[in-house]
Amino acid sequence: MDWNAAGKNRLLQLNELEDFRNEACENAKIYKERTKRWHDKNLSRKEFQPGQQVLLFISRLKLFPGKLKSRWPGPYTVVTVFPYGSLELKNRYKETFKVNGQRVKPYLGGPIDQAKSIIRSKPLGRGV
């Protein structure tokens, strides 16, 4: 048995494994860059101006959510746009509060009749 030849053969195999590992890392990096580029291309920037109407996302954990209850109440009116994406909103009672800009989306509908859009917590039943 030739120990020198076996050692050289093993060293060659280790170098090939190292090359495969480097190539796999490079391919993973290319894949990440391409998917990030594709994802960023499909994102839409949300820019808000004072006076614009928006809907607010309610993300509270609810174990038994209402079947038809919307998680986007509103519309609210934007009062102030702060740097780094936070907003100050005003509800229909003229109360203001601050929210993260990622929790809102533009309201594209017309005026809402609040009297007709009340969501009842209990269904209307017969003869209670």
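I take a residue as buried when its relative accessible area is under 20%. I note at the outset that I am working from a predicted model.

**Entry 1, overall layout.** I looked up the burial of the chain and found that 12% of its 128 residues are buried. I recorded an accessible surface of about 11800 Å² for the chain, with 56% of this area belonging to carbon and sulfur atoms. I listed one helix and five strands, in the order α-β-β-β-β-β from the N terminus. For contacts between residues at least 6 apart in sequence, I noted that 46% join residues at least 24 apart.

I then asked which residues make up the largest nonpolar core. I found 10 residues: Phe48, Val54, Leu56, Ile58, Tyr76, Val78, Leu87, Leu89, Val99 and Val104. At least two residues of this core come from each of strand E1 (53–56), strand E2 (76–81) and strand E3 (86–90).

I followed one core member, Phe48, and left out neighbours up to four places away in sequence. I found Phe48 in contact with Val54, Val78, Val81, Leu87, Gly101, Val104, Lys105 and Pro106.

I turned to helix H1 (residues 3–42), in which Leu17 is found. Is Leu17 buried or exposed? I classed Leu17 as exposed because its relative accessible area is 53%, and the cut-off for exposed is over 50%.

Terms used:
Residues are numbered from 1 along each chain as its sequence is written. This is a predicted model: local features need pLDDT of at least 70, side-chain atom pairs count only at pLDDT 80 or more; totals for chains, interfaces and linings use all residues. Side-chain values use heavy atoms; hydrogens and water are left out. A nonpolar core is a set of buried Ala, Val, Leu, Ile, Met, Phe, Trp, Tyr and Cys residues joined through side-chain atoms within 4.5 Å. Buried means under 20% relative accessible area, exposed over 50%, partly exposed in between (1.4 Å probe, protein chains only). Helices (H or I, at least four residues) and strands (E, at least two) are DSSP runs, numbered from the N terminus. Contact means heavy atoms within 4.5 Å. Accessible areas come from the Shrake-Rupley method with a 1.4 Å probe; for residues, only the protein chains shown count as cover.
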